[in-house]
Amino acid sequence: MKQPRVISFPHMADYAVPLELLFGRLFPHAEIRPAPPITKETAVLGARHSPDFICEPFKYNMGNFIEGLEAGADTLFQTGTGCRYGYYGELQEQILTDLGYDFQFICLNRDGVRPRQVYNTLRTLGSPLTLPRMAGAFAVAVESIRAKDKLADYVRRHGGGNGLEDIYNKFLQALLIADSVPKIFTLMRAHLKQMQDTSQTQPAPPLRVGIVGDLYTVMEPFSNYDLERKLAKRGVSISRRMSVTFLLFGPPNRRTLRQAEGYLRYPVGANGLDSVAQSVSYAKQGFDGVIHAKAFGCTPELNAVPALMNLSRDCDMPILHLSFDTHLSPAGFETRLEAFLDMIEMRRQQRHADTCKSRDGHRFHLHQRRGTR
Amino acid sequence: MTTIGIPRALGYHRYGTLWETFFDELDIPFLVSPETNQAIQSQGVRHTVDESCLPLKLYMGHAAHLLDKCDALFVPRLERLGPRDEFCVRFWGLPDTVSATFQKAQLLTYELNSGLPGTHERAFLKLGRTLGKHPITTARAYARAQARQREVDFHRFSYARAELQATAPRILLAANPYITYDPYLGGTVARLIAHLGGVPIFTDAWNRTQCRAQAREISTDLYWTLNREMMGAVHQARSQVDGILLLTAFPCGSDCLANELILRRVNDVPVIQILLDEHQSHEGLTTRIESFMDMLEGRRRIG
């Protein structure tokens with residue numbers, strides 16, 4: 001009998017769960033084996049076999065592929081739309097072939113994402129599903145991604161403490177066996193309720209920080225040195241618009257351009273425009289600061305940087321620009337992050353003191369004068 | 001009368017003649033920045049984010065140089081020529097980068113963004129309207145400008161073809177036009193090759209439409225116009241040259257993918273990749289090109 005196909009795919013945050021769900025339904029006879037979790041080794045391995053100054057996600061994907069192949073996979077999955085990402089597939093396939101691996105490469109790149117083509121590709125790979133059933137499988141996958149993103153967003157906004165993350169992980173476990181849209185929906189509602197019950201109202205309004213930047217670096221905790229968890233440890237409430245849901249159902253560029261309010265007048269590729277538009281809205285909402293995270297050399301995000309600098313100056317809102325690559329030292333990164341958080345915290349206290357002063361300025365004023373003498 | 005400043009960088013090296021003739025025909029005074037030099041480079045480095053690519057740094061240097069010498073900067077936004085023919089996103093963000101960096105600067109721009117036939121013509125008609133010219137005058141100016149640009153391109157092409165007949169080691173200089181024709185970047189390398197007794201041949205001189213079609217022979221998925229043209233030229237010339245020199249600037253996003261593929265798929269000719277950045281030393285460059293030429297010479301003697 002023919003050996004069952006073993007399908008593997010690279011990681012991005014915890015999207016392996018919905019992907020596993022999707023492939024499990026598309027290929028009931030195949031084995032789905034997501035690449036082993038990203039470690040330091042993955043990054044080193046990927047960097048060794050990648051072009052010198054390619055963006056980080058390429059290197060992580062590369063490491064994932066090699067580790068996946070080593071773990072026994074014979075079919076690799078890659079998509080590709082967006083800036084440089086659209087061209088990852090062809091080169092990665094070539095590099096892996098040059099390394100001597102024997103595998104089949106499914107690449108749903110720009111030309112391959114039309115429904116008819118996706119259907120044909122999947123059928124030739126041995127999926128027994130008819131078109132409507134396949135559409136159903138995609139609908140379930142999309143719904144699970146939406147549910148996941150919604151809960152993840154809740155966790156981020158509430159600082160991740162109080163066992164919120166445990167509930168979230170339990171949800172991911174439960175998601176693996178959910179097989180229909182209504183089931184996923186009820187699952188999501190139940191866990192969201194649980195989260196709302198758990199998270200108590202915090203004593204003081206927490207610092208609010210928005211995260212913008214290129215999609216992979218912002219979403220994959222390994223590539224951004226666990227930025228979000230570090231912020232959560234300080235009790236910061238994080239807002240991050242970027243997610244796979246956002247990529248799939250985000251607003252069209254025309255609307256985003258309007259939201260950017262003149263800081264950008266044209267789309268600048270990939271999510272550069274989104275970064276600026278989101279930062280503008282954070283500034284309007286009075287956020288304490290914005291963190292702009294990108295992979296080193298990410299051109300769309302670099303296009304956004306001058307606009308972000310202007311925004312930061314005009315709206316008096318600090319923006320921390322972080323550029324991640326495999327050579328960034330964790331200690332240096334932490335120092336900068338801590339300094340940034342200390343700074344925005346001090347700014348908030350200062351503002352608080354200013355408002356107090358203006359409220360009962362008289363007493364405060366006297367007190368101060370006494371102090372200075 | 002307003003003077004228009006054209007930075008001699010990025011798009012200029014592809015559409016320079018077109019732009020100059022267009023403004024000439026419309027009787028609009030314009031000023032092209034001088035050829036890149038050390039001062040322009042350091043100006044550019046000062047005005048850009050440190051991890052930007054070298055061509056952008058040079059562009060900003062040129063723009064800064066023109067800033068107080070003209071009334072408006074000419075910064076076109078080149079997005080795409082067709083559904084699979086895109087420019088690097090650097091070009092997409094150029095007007096925004098310039099206006100965010102030099103907030104007082106007046107910008108004159110045109111946009112190539114639909115990828116449909118006739119985009120160029122429409123874009124220039126719109127540009128003419130902004131300049132207050134009659135559409136017929138504009139159309140005539142554009143037609144002349146385009147004819148002139150074609151002439152220049154064809155001249156370059158026939159020159160390159162003639163060079164292929166040379167007996168000295170022929171080296172295909174594969175690079176984006178804004179690197180090839182910048183005397184500070186590609187110029188230095190071409191002079192070095194000529195000085196060492198070789199004949200530099202530019203990929204950008206090849207027939208562009210043909211190149212874009214031929215690029216498929218090396219890569220099927222590539223969608224960056226400039227890289228596709230380069231790749232197509234590499235494919236067409238690979239059997240007629242002695243060596244290929246891939247010239248790229250730090251950290252060029254599209255080159256690093258496309259060149260890697262060329263390095264892996266073009267195996268019948270010696271290929272070398274040379275990376276330029278603003279800390280470039282002339283000696284280092286000389287050593288590497290010298291050793292490449294020596295190697296080619298050695299191959300010739302054996303073969």
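**Domains, interface and core**

Student: How do you know that domain 1 of chain B is in contact with domain 2 of chain B?
Tutor: By counting residues on each side. 20 residues of domain 1 of chain B are in contact with 21 residues of domain 2 of chain B. A contact means that two C-beta atoms, placed from the backbone, lie within 7 Å. The model is predicted: local features need pLDDT of at least 70 and side-chain atom pairs need 80 or more, while totals for chains, interfaces and linings use all residues. Residues are numbered from 1 along each chain as written, with chains lettered from A and ligands numbered from 1 in the order written.

Student: Which elements of domain 1 of chain B supply at least two residues of that side?
Tutor: Helix H1 (12-25), helix H2 (38-47), helix H3 (54-66) and strand S6 (85-86) of chain B. Helices (H or I, at least four residues) and strands (E, at least two) are DSSP runs, numbered from the N terminus. H3(B) gives the largest share, four residues.

Student: What makes up that side of domain 1 of chain B by class?
Tutor: Ten residues are nonpolar, four polar and six charged. Nonpolar covers Ala, Val, Leu, Ile, Met, Phe, Trp, Tyr, Cys and Pro; charged covers Asp, Glu, Lys and Arg; the others, Gly among them, are polar.

Student: Where do the bounds of the two domains of chain B fall?
Tutor: Domain 1 runs 4-149 and domain 2 runs 165-302. Such bounds come from an automatic or database domain assignment. The C-alpha centres of the two domains of chain B lie 26 Å apart.

Student: Where are the domains of chain A, by the domain assignment?
Tutor: Domain 1 of chain A is 6-126 and domain 2 is 206-373. Their C-alpha centres are separated by 32 Å. In chain A, 14 residues of domain 1 are in contact with 19 residues of domain 2. On the domain 1 side, helix H2 (40-48) and helix H3 (56-70) of chain A give two or more residues. H3(A) has the largest share, with four. By class, this side of domain 1 of chain A has eleven nonpolar, one polar and two charged residues.

Student: Why is chain A called as compact as a globular protein of that length?
Tutor: Start with its content: 16 helices and eight strands. The radius of gyration of chain A is 23 Å, close to the 21 Å that the globule rule gives for 373 residues, so chain A is as compact as a globular protein of that length. The radius is taken over C-alpha atoms, and the rule is 2.2 Å times the number of residues to the power 0.38. The C-alpha trace of chain A spans about 90 × 45 × 40 Å along its principal axes. Among contacts in chain A between residues at least 6 apart in sequence, 74% join residues at least 24 apart.

Student: What makes Gly5(B) buried or exposed?
Tutor: The neighbour count. A residue is buried if 20 or more other C-beta atoms, placed from the backbone, lie within 10 Å of its own, exposed if 12 or fewer, and partly exposed in between. Gly5(B) has 24 such atoms within 10 Å, so it is buried. Gly5(B) sits in strand S1 (residues 4-6) of chain B. Residues that Gly5(B) touches include Leu31(B), Leu66(B) and Phe74(B). Pro29(B) is 24 residues away from Gly5(B) along the chain, and their C-alpha atoms are 9.0 Å apart.

Student: Which residues touch the most other members of the largest nonpolar core?
Tutor: Val276(A), Leu172(B), Leu173(B) and Ala174(B), out of 177 residues. A nonpolar core is a set of buried Ala, Val, Leu, Ile, Met, Phe, Trp, Tyr and Cys residues joined through C-beta atoms within 7 Å. Among the residues that Ala174(B) touches are Met230(B), Val234(B) and Ile244(B).

Student: How many residues does each chain bring to the contact between chain A and chain B?
Tutor: Chain B brings 27 residues and chain A brings 34. On chain B, helix H4 (89-92), helix H5 (94-101) and helix H12 (253-265) each supply at least two residues. H12(B) supplies the largest share, six. The chain B side divides into 13 nonpolar, seven polar and seven charged residues.

Student: What scores does the predictor give the complex?
Tutor: An ipTM of 0.93 and a pTM of 0.92. Chain B averages a pLDDT of 93, and 100% of the residues score at least 70. pLDDT is the predictor's confidence in each residue, from 0 to 100.

How values were computed:
Lists of a residue's contacts leave out its neighbours within four places in sequence.
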